[in-house]
Amino acid sequence: MANLVLIDQAAKESEYNADHIRYLVRKAFLKGEKHGGIWLVDLESLKEYESRMKSVGTKKFDPTKYRDD
């Protein structure tokens, strides 16, 4: 079963702020749910995402791939 926590609680245990975590859940980068007006995120999913982003490092965004030459 998923370990769902409030976004604010997840932000305290993460390097990401609450707004960014909401964005990641809305875009389905993280597992989460919205109940009424309250967002919940799977804490394990957030930790896995953070780990992946740390391992990718600066390669996660390469502005040269969007250039029109």
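Reader: Where does Ser45 sit?

Author: Ser45 is in helix H3, residues 43-56. Helices here are DSSP runs of H or I with at least four residues, strands are runs of E with at least two, and both are numbered from the N terminus. This is a predicted model, where local features need pLDDT of at least 70, side-chain atom pairs count only at pLDDT 80 or more, and totals for chains, interfaces and linings use all residues. Residues are numbered from 1 along each chain as its sequence is written, and side-chain values use heavy atoms, with hydrogens and water left out.

Reader: Why is Ser45 called buried?

Author: Buried means under 20% relative accessible area, exposed means over 50%, and partly exposed is in between, using a 1.4 Å probe and protein chains only. Ser45 has a relative accessible area of 9%, so it counts as buried.

Reader: What is Ser45 in contact with, leaving aside its neighbours within four places in sequence?

Author: That would be Phe29, Leu30 and Lys31. Contact means heavy atoms within 4.5 Å.

Reader: What makes the phi of Ala28 worth a look?

Author: Ala28 has a positive phi of about 65°, though it is not a glycine. Most residues other than glycine have a negative phi.

Reader: How do you know that E2 and strand E3 pair?

Author: Two strands pair if DSSP finds at least two bridges between them. Four bridges join E2 to E3 (residues 38-42), so they pair, and they run antiparallel. Lys34 stands opposite Trp39 in E3.

Reader: What is the strand order in the open sheet?

Author: The three strands go E1-E3-E2, with antiparallel pairing. Strand E1 (4-6) and E2 are the edge strands, as each pairs on one side only. On average, neighbouring strands are turned by 30° against each other, direction ignored.

Reader: Which helices go with the sheet, and at what angles?

Author: H2 packs on the sheet, touching E2 and E3, and its direction makes about 75° with that of E3. H3 lies across E1 and E3, running at about 60° to E3. Axes are lines fitted to C-alpha atoms, for helices over the stretch in contact, and angles run from 0 to 180 degrees between N-to-C directions.

Reader: Is Ser55 buried or exposed?

Author: Ser55, also in helix H3, has 60% relative accessibility, which is over 50%, so it counts as exposed.
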